[in-house]
Amino acid sequence: MRQIEERKQEVSDLFRARELLTAIALIVSLVITYNLWTTASRVAEQTLHTNFDFRVRESNERIRQRVRIYEQVLRSTAGLFNATQPVTRRSFRIFVNTLQLADNFPGIQGIGFAEVIRPGELERHIAAVRKEGFPNYTVWPQQSREIYTAVVFLEPFSGMNLRAFGYDMFSDPVRRAAMAQARDSGTTALSGKVTLVQEAGSDAQFGFLMYLPIFRPGARTDTLEQRRANLLGWVYAPFRMDDLMHSLNGEQPDDLDIEIYDDTNLVEQARMHDSVKSNNALNPQHGFRSINRIEAGNRTWTVVISALPVFEGKMQSDRPMIILQAGISISLLITLLIWLFLDDRARALQAAEQAMQLALYDTLTGLPNRKLLDERIEQALVKAKRSKSHVALLFIDLDRFKPVNDHYGHAYGDLLLKEVALRLRSCVRESDTASRLGGDEFVALLSDTEGAHAVQTVADKILERLTEPYEIAGHTFDISASIGAALYPNNGLDAKSLMKSADLAMYDAKNSGRSNVKMARSVLKSMPD
């Protein structure tokens with residue numbers, strides 16, 4: 001009976017252990033899976049934020065660039081007035097038609113010219129335009145005022161643009177402010193939010209105008225008084241804001257709401273454009289919203305962009321669900337593959353770097369070798385020939401170095417050569433090159449040097465530095481150097497002749513008692529290949 005009870009207890013314990021281990025395994029796997037899922041969700045959300053920020057920057061930059069392009073169009077039109085006097089209606093039409101506004105500058109409604117009409121000249125102006133074949137022409141509105149302006153040219157002269165013919169834009173406070181600023185500053189100016197006189201019917205849009213003053217050719221415009229006295233009028237361009245944004249973005253994106261406000265006041269009266277009128281982009285409940293101020297000429301526009309539910313729905317990426325279903329094994333496999341890939345790539349880059357190091361640098365001292373030195377000499381000579389400057393080569397051969405190898409061994413010799421390389425490098429500029437040809441021979445390339453005196457100064461500095469005692473592994477070594485200096489173009493016109501001259505000067509230094517500097521005396525113009 002007791003044995004039966006013991007067996008039951010063992011079975012019960014086994015069941016409890018199975019449940020416990022199963023629960024533990026389930027909890028651990030769920031925790032791991034949850035962490036992976038939350039990480040993937042955060043990455044997906046961050047990706048969405050990045051995409052939204054990119055879209056915002058792209059839209060704002062398009063607006064800035066388009067305004068700058070339109071300003072150049074007006075400046076080219078101003079060039080017509082500066083080069084041709086008088087500008088006739090026919091020549092203005094031909095010029096604007098040549099620009100092909102619809103194809104090359106979408107979003108612009110036209111290009112026009114508004115003439116300044118001085119006091120007492122109104123009737124004469126109206127009569128002159130009527131003689132051109134416009135019997136019903138008049139300047140409007142017709143209220144009396146101190147100064148008049150009139151739209152006399154506007155191309156294309158058809159459709160809605162006909163309504164602006166003769167309009168006195170200076171009679172409107174918003175337009176007048178921009179026109180006055182353009183006149184007084186002598187450069188382009190944008191108006192605030194307006195409704196163009198071309199607008200009519202249910203398709204009316206808000207817009208703005210860009211002005212550039214035209215002064216009498218040859219007249220002085222240095223002062224404010226001169227600019228006001230010599231003003232002929234303004235070339236200008238009208239814009240419908242919705243059409244402009246359509247030309248920038250093509251079909252309006254269905255996942256973003258773009259609103260543009262004139263100035264910095266985010267009120268209904270200042271709103272110039274709203275791509276989705278059923279949505280309030282300023283609603284703080286939008287998950288993705290951006291408010292940026294951009295400089296459009298002389299105006300500050302506030303651009304508000306918010307993401308619509310279609311855009312925010314992209315957050316429901318299926319990637320977190322795939323990770324949730326795939327589990328731990330796939331994640332480990334991906335991690336292993338990435339590790340192997342990056343490891344292979346790192347090894348490949350390391351091998352490439354080592355190969356370059358072996359090909360172009362001395363393995364012992366780390367200085368450029370003969371191959372790299374030749375390349376830099378050629379570059380320095382090309383530059384010197386172009387700028388008519390000097391290049392110098394210092395051929396350096398160590399004196400009393402062989403006894404170090406003979407008595408102390410190559411290990412000490414190598415340490416000594418490394419110290420020589422460090423001292424040599426410290427004596428030249430960053431733009432110069434200190435190199436080792438092999439053995440105890442070194443070459444210093446001095447680029448853009450001032451002449452023989454400057455070369456002698458550097459060579460003396462190197463010689464002084466190299467002849468100082470060397471403390472190597474508890475031993476003191478005293479060596480020196482024989483230095484031969486050659487100067488381009490005095491001692492050679494190419495790399496071979498210059499190197500040969502420096503080499504001969506070095507032997508001249510050795511034959512003169514060593515531990516000194518000799519300038520090349522022979523003039524080697526070039527060496528045969």
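The model is predicted, so local features need pLDDT of at least 70 and side-chain atom pairs count only at pLDDT 80 or more, while totals for chains, interfaces and linings use all residues. Residues are numbered from 1 along each chain as its sequence is written, and side-chain values use heavy atoms, with hydrogens and water left out.

The protein chain has 15 helices and 16 strands, taken as DSSP runs numbered from the N terminus (helices H or I, at least four residues; strands E, at least two). Of its 529 residues, 42% are buried; buried means under 20% relative accessible area, exposed over 50%, and partly exposed in between, with a 1.4 Å probe and protein chains only. Among contacts (heavy atoms within 4.5 Å) with a separation of 6 or more, 66% are between residues 24 or more positions apart.

A nonpolar core is a set of buried Ala, Val, Leu, Ile, Met, Phe, Trp, Tyr and Cys residues joined through side-chain atoms within 4.5 Å. The largest has 56 residues, and F92, I111 and W301 touch the most other members. Helix 1 (residues 2–83) gives the most to this core, with 11 residues. Beyond its neighbours within four places in sequence, F92 is in contact with residues including T77, L80, F81, I111, F113 and F153. A second, separate core has 32 residues, among them L367, L424, I472 and A485.

In helix 7 (residues 241–249), the buried residues are M241, L244, M245, L248 and N249. They lie on the same side of helix 7 because they cover an arc of only 115° around the axis, the arc being that of the directions from the helix axis to the C-beta atoms.

Grid points are joined across faces, edges and corners, and a volume is the space filled by probe spheres set on the points.

The largest pocket holds about 480 Å³. Its lining has 21 residues, with F113, E115, H125, V152 and L232 nearest the centre. Strand 1 (111–117), helix 4 (122–131), strand 2 (148–155) and strand 5 (231–240) each give two or more residues to this lining. The lining comprises 12 nonpolar, two polar and seven charged residues, where Ala, Val, Leu, Ile, Met, Phe, Trp, Tyr, Cys and Pro count as nonpolar, Asp, Glu, Lys and Arg as charged, and the others, Gly among them, as polar. The largest cavity has a volume of about 40 Å³, and V151, L196 and Y236 are among its lining residues.

Two cis peptide bonds can be located in loops. One joins W140 and P141, with omega about 0°, and P141 is in the loop between helix 4 and strand 2. Another joins E155 and P156, also with omega about 0°; P156 lies between strand 2 and helix 5 (173–185).

D448, in strand 12 (residues 441–449), has a positive phi of about 50° although it is not a glycine. D448 counts as partly exposed because its relative accessibility is 45%. With 14% relative accessibility, S389 counts as buried.

Key: On a 1 Å grid over the protein atoms alone, a cavity is a set of points where a 1.4 Å probe fits but cannot get out, and a pocket is an open set with protein on both sides within 12 Å along at least five of seven lines; lining residues have an atom within 4 Å of a point.
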